[in-house]
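Dear colleague,

Please find the structure below, handed over for your records. My notes on it follow directly after.

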Amino acid sequence: MDTDWKRVSVFLLFLKCVDCTGTATEWTYAGTVGQSEWAKIFPDCGGSSQSPINVDTSRTLHDPTLPPIQPLAYNKLGNKPFTLSNSGHTVHMTLPQWMGLSGLPWHYSAVQLHLHWGKGVGVATGSEHTINGRSSSAELHVVHYNAELYGNMSEAKTQGNGLAVLGVLIEACDEVNQAYNSILNYLGHIRYAGQKVSIPAFDVRSLLPDDLSEYFRYNGSLTTPPCYQSVLWTLFNERVKISHSQLMKLSSVLYSSKADTAEVSALQDNYRTTQPLNNRTVLSSFIHVSDQIYTAGEIAAIVIGCLCGCVGLTVIILFIVKTIRSTSSWDVLPSIRPAPQPRTKDVGKEVKEDMVLKTTSDPEKPEDPAPQTES
Ligand SMILES: *[C@@H]1O[C@H](CO)[C@@H](O)[C@H](O)[C@H]1NC(C)=O
Ligand SMILES: *[C@@H]1O[C@H](CO)[C@@H](O)[C@H](O)[C@H]1NC(C)=O
């Protein structure tokens, strides 16, 4: 009965989702259908291999066999424009299927790219993945499906080894990144959810970091509902930089609401919090040199080392003090000791004399088997 009611209520929720927009899109990052509620409507969101994660570089496993990522035909523009759209959750750009990836266990074909960001001001938050607990201001995801195992994206997205996503951490600095303007310049045309615009094709490779050989690799999920656990993740170590004003544009121009709604809400903070790693391993294609001087582990080791050293030193000092004290008391003793020594000798003599007396008083017993002859 209980599970039946659950099924009915989930079904009703599902109907409601389909009903309101024509597609199952009623979820948000915060509020009543926020992140903590996703798993109630989309069970996979409560799985044990979810994304994003925090990458703890002291616990990644270096795998020297991981090759550099090679984008295939990312710079081939074709003769059609790209389509940029506002999904209500992100800005989304479809990618031509001739674009792909090699350097992964299968051949993957490109599907789309999109971004995640924060509010664009103050501390850097907005990225989904974090490295050693540190967020970035935004994150680019380039989504691909496994074209060797599956016929299309909709078939692949629910399957193991179905998808491969490239994750790029984006940081704000003073210099303008022209490549990102190929997207940002058109955001004004798609301010409301559901809007689309055609934009001139551009070299998608230019959105990625220069170094595609250093990355983290793990098995995870889509970071939005329905959170399918079908993604082989590649998170690049090198961050891409955009200007503060570019970041401000990204995080202030779009709305998560449709054009006909009375109350508009800004499309901001569209990032999921990091999920438990559970028993997964994060591989790294490189040996990570920490950007801190000491990692937390190293600091702990140094503190423990110092403590042990101090305890050891104290023990040694105590031992030396004790030794000095006892030798100095021995220095005093000989003057006392010579006196009792004769006494102990006397005691020995007395004992010996007693024994002599005893033996003499009983002469038959020692070494005399004679009594045996009595019987
Ligand atoms: C994807 O592939 C499946 C099975 O191969 C097929 O049934 C479906 O129609 C395809 N979908 C699209 C959008 O091409
Ligand atoms: C991901 O999962 C597959 C099995 O589905 C496994 O063979 C592979 O080693 C895993 N990769 C990582 C990086 O853990």
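A residue is taken as near a molecule or strand if one of its heavy atoms lies within 4 Å of it. By that criterion, ligand 2 is surrounded by R217, N219 and L283. The protein covers 43% of the 360 Å² of accessible area that ligand 2 has on its own (areas by the Shrake-Rupley method with a 1.4 Å probe; for residues, only the protein chains shown count as cover). An oxygen atom of ligand 2 is 2.3 Å from an N or O atom in the side chain of N219.

This is a predicted model, in which local features need pLDDT of at least 70 and side-chain atom pairs count only at pLDDT 80 or more, while totals for chains, interfaces and linings use all residues. Residues are numbered from 1 along each chain as its sequence is written, chains are lettered from A and ligands numbered from 1 in the order in which they are written, and side-chain values use heavy atoms, with hydrogens and water left out.

R217 also has a partner in the strand β13: its bridge partner there is T234. Strands and helices are DSSP runs numbered from the N terminus (E, at least two residues, for strands; H or I, at least four, for helices). Strand β12 (residues 215-220) pairs with β13 in the antiparallel sense over six bridges, whereas strand β10 (residues 163-173) pairs with β13 in the parallel sense over five bridges; pairing requires that DSSP find at least two bridges between the strands. In the latter pair, L163 has V231 as its bridge partner in β13.

Six of the six residues of β13 (residues 231-236) are buried (under 20% relative accessible area; exposed is over 50%, and partly exposed lies in between, with a 1.4 Å probe and protein chains only). V231, W233 and L235 point one way from the strand, and L232, T234 and F236 the other way.

One joins S51 and P52, with omega about 0 degrees, and P52 is in the loop between α2 (38-41) and β1 (54-55). Another joins P225 and P226, with omega about 10 degrees; P226 is found in the loop between β12 and β13.

The loop between α5 (244-252) and β15 (283-284) holds D269, a residue other than glycine whose phi is positive, near 50 degrees. D269 is partly exposed, because its relative accessible area is 23%.

Yours sincerely

Conventions:
A polar contact is a pair of N or O atoms within 3.5 Å; within protein, one must be able to donate a hydrogen and the other to accept it, and residues adjacent in sequence count only if both atoms are side-chain atoms.
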